[in-house]
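Hi everyone, thanks for coming. I'd like to walk you through a few residues today, so please have a look at the screen.

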Amino acid sequence: MYDKNISVKLEIKNQKVREEIEEILISLKGFQISHKPLLPPDNESRNLLLQKLVKKSPMTQENGYCDLLISEIGEDNPKEELHMVSTLHTYGIVREVFLTSSITSQEILIEILKIGVRGFFPQPINRDEIVAALMKIKGIKGQEKTETAPVKKGKILCVFGCKGGVGTTTVAVNLAASLAGQENAPSVVLVDMNRFLGEMPLMLNIEPLFDWVRVARNISRLDELYLLSVLIKHPSGISVLPAPADLTEDHPVSSQSVETLFKFMQTMFDYIVIDCGRNLVDTRALLKISDTVLLVSELDLLCTVNLRKLLEGFRKYGYPLNTEIVVNRFQKYQDISLTEFEESVKKKALCCIPNAYRVSMNAINQGKPFPMMAQGTPIHKKFEELASFFPEKKAEKKEKGSFFLSSLFSQKKT
């Protein structure tokens, strides 16, 4: 992972703990304790540095960069200290973060988990845990995996709306739940890429602590244990990664980070169902790497015009060749017939989801997808039919594991 010694900065007030960690670092080859400040002492210089980092100026060890920060979270201002640690990592001043603390309250542990640190070590520290974590950072344990081991490559299914209000989220949620309910019980993750006003928490009756933006902004910390810790496991059998809950915070996320996140998900899940809404900004890269894009439409003039534009644009810019149409709220007698619609867009619809207003509203109000509360109804059967178009490719699951946050989770469960 590193071509030279890993520079380590210690921000630990507890003298005994600091000496123990220093002793561990000295005893291991490939680590060098850095005594240079991470940020300039005066505010003006600090602000100038952060401005350069926003513009992605390169950082080196000579001007403040360090590979690993090991910081202690004290009892006086833990949230303020966690915010500073998060800032240092977000702006690239530190590459990886370990935290240690005598605090083990659930509130602080959740805040630590939100930052996405590589390791958390409750005090008194366990030497073996720290040594193993440092070795993982160095890349030694990564050599245990063989290149010939089978790797899962899940299917990415993007659900994209032709316009607002066509039921894109309803289709995404119920497709994901129907896939998870198949006989072979494939693993399914559902992601809400609507940056603002995402409806997934309401439709699934969940209260998320994390979102895909937070994960994508901390992409360098991504591993299986971290991702599994931030996903919500729903009773329907699907895992859920929602959109940000707030409207005020700016969320700069690179398309490369988004693509990396979903390619990593492919190694863990059989299906990745993405509710794209009408968000082309964040989903452009995903549309290109997806196995299938489901364009959700209704049989009306505006949807027909928009759908035709989307199909033409996808062909022009090289988006996936495998694009399918899902007609939602289908009724037999409408102003535009299905035949007229298909002739206009020059493509057959893959599936027509029937109009079932009362069943849909009841499901939303209860926070349950159709497989949980509307089994046997025509709309549930149609989603089962839609799910059957995407047969799972069987692949051996990778062994999950990374103990970096194991101590954190053991504390959370107590």
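Let me start with a term: a residue is exposed when its relative accessible area is over 50%, buried when under 20%, and partly exposed in between. What we have here is a predicted model, so please keep that in mind.

With that cut-off, Asn 205 counts as exposed because its relative accessibility is 59%. You'll find Asn 205 in the loop between helix H7 (200-204) and helix H8 (212-217). Which residues does Asn 205 touch, leaving aside those up to four places away in sequence? They are Gln 366 and Gly 367. Along the chain, Asn 205 and Gln 366 are 161 residues apart, yet 7.4 Å separates their C-alpha atoms.

Now to the salt bridges; the count comes to five, and I'll show you some of them. One joins Glu 22 to Arg 18, with 3.3 Å between the closest N and O atoms. These two are four residues apart in helix H1 (residues 15-27), so about one helical turn separates them. Glu 22 is partly exposed, at 22%.

Another sits in helix H16 (residues 378-387), where Lys 382 and Glu 385 are three residues apart, about one turn of the helix. Their side chains meet at 3.4 Å, N to O. Both partners are partly exposed: Lys 382 has a relative accessible area of 24%, and Glu 385 comes in at 32%.

Methods: Residues numbered from 1 in each chain as written. Predicted model: local features only at pLDDT ≥ 70, side-chain atom pairs only at ≥ 80, totals over all residues. Heavy atoms only, no water. Buried < 20%, exposed > 50% of the residue type's maximum accessible area, 1.4 Å probe, protein only. Contact = heavy atoms within 4.5 Å. Salt bridge = Lys/Arg side-chain N within 4 Å of Asp/Glu carboxyl O.
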